[in-house]
Structure formats: structure tokens, C-alpha cells
Amino acid sequence: MPLIWRRLAVLLSVKSLVTLILTAVFACLACAGEISQDFMTIYAVIIAFYFGTQSQKVQDIVDKRDGGEG
């Protein structure tokens, strides 16, 4: 059960909330067919930042496990 609470806490971080809300807005605008180029640019930058930081966390864990090589 503690794993569920930890994952929920991570999901409720500001970065994750912003990403989830923006994705919901993107989905609504896509369904309505009203996505502007400005919104697409902002959304792409935020999603790239989010997944870039997630990828960096994973890489840091791998590097630490492998003895800091890389």
C-alpha cells in the first residue's frame, strides 16, 4: 500500500499536475478542432521538458547503479 501513496504523491506534484491539465486542454481543443499554433508550441515545450526530466532521472539512477560511469 505505501507504493500507491508514493505514486499518488508524485502524481500530485506541480509539474505533473500542469502536464496533466495541459494534456486535457489539448485533448479538448483537438476534439473541437481549434488548436492554435501558439498553443501547440507551448504544449510541445512543456511535454518535452516533462519527459526530458523524467528521462534524466532514470539516467541518473542507472549511472548511480553502474558506479557513476557514463
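## Confidence in the model

Among the elements of the protein chain, helix H1 has the lowest mean pLDDT, 81, while H2 has the highest, 89; pLDDT is the predictor's confidence in each residue, from 0 to 100. Averaged over the protein chain, pLDDT is 83, and 96% of the residues score at least 70.

This is a predicted model, in which local features need pLDDT of at least 70, side-chain atom pairs count only at pLDDT 80 or more, and totals for chains, interfaces and linings use all residues. Residues are numbered from 1 along each chain as its sequence is written, and side-chain values use heavy atoms, leaving out hydrogens and water.

## Overall fold

The protein chain holds three helices and zero strands. Helices here are DSSP runs (H or I, at least four residues; strands are E, at least two), numbered from the N terminus. The radius of gyration of the protein chain is 16 Å, well over the 11 Å that the globule rule gives for 70 residues, so the chain is more spread out than a compact globule. That radius is taken over C-alpha atoms, and the rule is 2.2 Å times the number of residues to the power 0.38. The C-alpha trace spans about 50 × 35 × 15 Å along its principal axes.

## Burial and Leu-20

Of the 70 residues in the protein chain, 10% are buried (under 20% relative accessible area; exposed is over 50%, partly exposed in between, with a 1.4 Å probe and protein chains only). Leu-20 sits in helix H2, and at 46% relative accessibility Leu-20 counts as partly exposed.
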